Amino acid sequence: MKDGDGQPTRREILTGLLRTSVTAGAAGTLYAVLRERPGPAPSAPRTFDWRRTGDAASGAIARGPDPAVNVRRAITAIGGMKRFIGTGETVLIKPNVGWDRLPEQAANTDPQVVAELVRLCLAAGAARVLVADFPCNDPRRSFTRSGIGPAAREAGATVFHPPRLGTVPARLPGVLSGLEVMALLPKADRVINVPVVKHHSLARATLGMKNWFGVLGGGRPRLHQGIHRAIAELGAAFRPTLTVVDATRILVANGPQGGSLDDVRQTRAVAAGTDPVALDAWGASLLRLDPRRLGFIAEAERLGLGTGDPRTLEELGTA
Amino acid sequence: MSWWRRLRLLDQLVFLAIFLWLLERLAAGDTRALPWAVFHHADPLTAAGLALAHHAIPVALGLSLAVVLLTLVGGRIFCGWICPLGTLQELVARWATPRRLRERLGRNRWRPLYRTKYLVLALLAGWAILGSLQTGLLDPLSLLARGLAGAVWPLLPVRGPVPGGWLAGALLAAVILASLWIPRLFCRAFCPLGAFLGLLARFSLFRIHREDGRCTACNLCVTNCQGADEPLGDHRIEECMVCLECIGDCSEQAITWRFSPGRPPHPAIPDLSRRHALGTLAGGLVLGPVLRVAGGGRTTRHADAIRPPGAVPEDAFLDRCVKCMLCQQACPTGAIQPALAQAGVEGFWTPILSMRRGWCEYTCTRCGEACPTGAITPLTVERKLGLDGGEPVRIGTAFIDRGMCLPWGMATPCIVCEEMCPTDPKAIWLEETVARRPDGSTVRLQRPHVDPERCVGCGICENRCPVGERAAIRVTTAGESRSPAAQMLAPRPDSSRKGTGTS
């Protein structure tokens with residue numbers, strides 16, 4: 001059915017088109033039917049709890065010039081990493097990588113503390129160790145200049161940050177409602193929170209529970225309107241396996257990002273433990289604040305998240 | 001496919017790939033000092049435009065001399081073998097090639113419309129003489145980079161939205177898709193770079209040569225002709241893109257590309273009436289000032305035209321910026337956006353910072369590294385932050401809108417702007433106060449103030465302010481370092497507040 005110059009006729013074109021569309025439609029329908037149906041978006045739990053059940057609260061403070069040694073001593077004193085990390089588990093380490101600052105400026109967690117934790121987790125049998133944060137500054141710069149990206153990778157962790165790391169919806173309670181959380185959170189079996197001790201003009205101190213700001217998506221600036229309550233609610237919404245407070249250096253003014261070395265004090269200490277409130281109270285005392293007069297610590301105690309008394313932590317002294 | 005057709009396609013794809021790879025690396029924050037602007041540095045239209053408008057050519061643009069020489073030797077090889085926008089059009093045109101030979105011949109015949117590009121060039125030259133560099137509007141390299149940065153990269157999940165980008169993307173799409181109808185319509189009819197190279201190509205040493213005795217006037221040479229330069233008749237040398245398709249398509253081996261200098265070109269002058277050309281140039285000379293005045297003029301300072309750090313003073317900036325938006329592609333936070341009306345008519349599609357889209361990262365100097373023409377001068381981190389003993393580079397100053405600010409207007413605690421402020425000591429300081437709430441109770445508040453001597457206008461405060469899409473703290477160009485007229489503070493003999501750690 002060709003005409004003179006070998007071109008297809010209109011009829012042929014129309015039949016061809018019809019045949020193609022019917023085939024494509026059938027294939028599409030088949031795909032739609034056979035494809036695994038995603039149900040309604042999986043609702044994340046209202047709160048996240050990564051604690052090892054049945055553990056009595058414990059904590060220890062180690063002092064000395066080498067941050068990695070401090071980490072090892074503190075962890076050993078509370079029973080060793082094997083007590084907290086099971087074989088084959090996925091561990092998320094959440095340092096404070098908020099700012100495009102050098103380690104010496106004490107705006108971020110010390111990279112050696114993070115790297116040592118990565119090594120301890122891997123040695124304890126963790127299948128994967130993830131290091132992630134949502135920085136306030138450009139993520140690439142923050143992870144590089146803080147030294148945490150290179151140090152964690154070298155220690156064997158996988159490092160995640162935006163733009164490749166996104167958020168997922170989470171039905172968090174109270175003042176946190178409507179905020180999304182870091183997409184890695186639901187995938188982690190264990191989470192270690194690794195804050196650095198810093199001054200903060202509104203909360204007066206930014207420590208472990210405040211460090212959970214870094215797993216929240218957009219909209220988190222509005223939490224400052226009732227900061228003490230918000231920090232305590234963060235502590236209730238995210239219950240870590242371990243909290244490791246980095247006080248290798250602390251930032252005593254111009255927090256939370258500082259800049260000047262005049263605002264940095266060399267405290268050369270690391271504390272680790274399972275009571276986030278006691279550890280925050282210890283960090284606050286380093287900033288010469290009375291822990292129980294800090295709104296967020298009092299609020300956290302009231303919510304039953306721990307004790308605001310830093311004396312519950314075992315002092316290991318200088319190595 | 002003849003071997004040189006394959007060779008040319010391969011060559012074009014390599015150049016296109018390099019162009020795209022550089023853009024991708026720039027957006028990905030590659031820390032190597034790659035030659036981000038190498039294509040723009042090889043662009044003689046940019047060099048000529050800067051010579052007319054700025055009366056100086058940055059050294060890096062010396063690379064364009066290579067393209068000038070290439071054109072004087074072999075004609076518009078750049079158009080047919082290098083230009084990535086030409087390649088994209090050609091790929092689309094190849095895909096849409098009609099099967100009927102007669103239609104293909106029709107699409108590749110010369111049309112009077114193709115003279116338009118010389119008028120475009122005359123218009124842009126007229127504006128450039130007046131000091132308004134607008135070549136970037138239609139320069140193929142700027143047009144492509146801008147369209148990709150504004151409308152293609154934002155589609156990737158890792159890049160933020162570009163509110164003004166759709167317009168640049170629409171022009172790019174129109175240019176590329178027009179080739180469905182007429183191959184390389186933009187190159188043939190509108191490209192000012194093509195017109196400029198065409199004028200040079202009239203003197204080229206190598207050119208298409210036809211053996212009149214062998215030619216049977218079959219027209220086959222037009223079948224795949226990229227430049228619509230009619231090798232069958234009197235060859236239009238300034239239109240030829242040296243694609244050499246005619247050589248392979250000629251069944252009589254009548255066409256060669258060979259060394260034949262000094263032959264008079266056809267037509268003897270560009271195919272324009274002198275009246276048209278001079279009229280366009282004169283029109284440009286008149287229209288330029290009209291548009292400048294209509295856009296507010298150069299003496300008017302635009303509050304929202306916050307230029308990237310290191311940008312030269314506005315007058316010089318408009319003489320140099322070729323609107324390629326490489327700076328936008330380089331910006332890690334997405335703050336740099338193409339201006340629509342914020343910078344006047346002349347400043348259309350020049351880069352400005354939109355602090356709700358991003359902010360100027362304190363230690364970042366990427367935009368100046370990418371800028372091909374020195375409209376944004378490269379800065380060291382020390383120079384930008386004032387660590388070298390000088391004043392830091394300010395791109396503007398933040399102002400608090402007390403009616404919108406939570407502690408000022410609504411007796412609600414908030415210190416986000418202060419927390420984010422990167423300077424040391426912070427340019428935003430807090431004043432402790434006790435305020436009354438509607439129910440009569442009191443609340444302790446810290447109210448933010450901006451210290452204009454310390455603020456560098458980076459805008460992270462505006463970016464993170466929790467109040468609505470319009471922030472309660474906003475940056476304007478007031479106080480920007482590059483403009484003496486923008487200084488609001490009288491210089492102080494006592495500079496005790498400079499330096500660090502003295503709060």
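**A walk through chains A and B**

Let's begin at Arg104(B), which sits in helix H7 of chain B, a helix that covers residues 101–107. This is a predicted model, and every value below is computed from it. Leaving aside residues up to four places away in sequence, Arg104(B) touches Thr97(B), Pro98(B) and Arg99(B), and also Thr223(B) and Asn224(B). Another residue to look at here is Val222(B): 118 residues separate Arg104(B) from Val222(B) in sequence, yet their C-alpha atoms are 8.1 Å apart in space.

Now step back to chain B as a whole. How many helices and strands does chain B have? There are 21 helices and eight strands. Along the principal axes, the C-alpha atoms of chain B fill a box of roughly 100 × 40 × 40 Å. Of the 503 residues in chain B, 57% are buried. If you take the contacts in chain B between residues at least 6 apart in sequence, 74% of them join residues at least 24 apart.

A pair of helices in chain B is worth a visit next. Helix H3 (residues 44–54) of chain B packs with helix H8 (residues 116–129) of chain B at an angle of about 35°, and their axes lie 7 Å apart. The crossing of H3(B) past H8(B) is right-handed. Which residues meet here? From H3(B) come Leu45(B), Gly49(B), Leu52(B) and Ala53(B), and from H8(B) come Leu121(B), Ala125(B), Ala128(B) and Ile129(B). Sorted by class, this contact of H3(B) with H8(B) holds seven nonpolar residues, one polar residue and no charged ones.

The buried residues of H6(A) are Ile227(A), Ala230(A), Ile231(A), Ala232(A), Glu233(A), Leu234(A), Gly235(A) and Ala237(A). What do they pack against?

Finally, we can look at where the two chains come together. Chain A gives 30 residues to the contact and chain B gives 34. The area buried between chain A and chain B is about 2500 Å², and carbon and sulfur atoms give 46% of that area. How many salt bridges does the rule find across this interface? It finds one. In a salt bridge, the side chain of Lys210(A) meets the side chain of Glu419(B), at 3.6 Å from N to O.

Note on methods: Residues numbered from 1 in each chain as written. Chains lettered and ligands numbered in written order. Predicted model: local features only at pLDDT ≥ 70, side-chain atom pairs only at ≥ 80, totals over all residues. Heavy atoms only, no water. Axes fitted to C-alpha atoms, helices over the stretch in contact; angles between N-to-C directions. Helix = DSSP H or I, 4+ residues; strand = E, 2+ residues; numbered from the N terminus. Left-handed = near helix turned anticlockwise from the far one by under 90°. Contact = heavy atoms within 4.5 Å. Nonpolar A, V, L, I, M, F, W, Y, C, P; charged D, E, K, R; others polar. Buried < 20%, exposed > 50% of the residue type's maximum accessible area, 1.4 Å probe, protein only. Buried area = accessible area lost by both parts, 1.4 Å probe. Salt bridge = Lys/Arg side-chain N within 4 Å of Asp/Glu carboxyl O.
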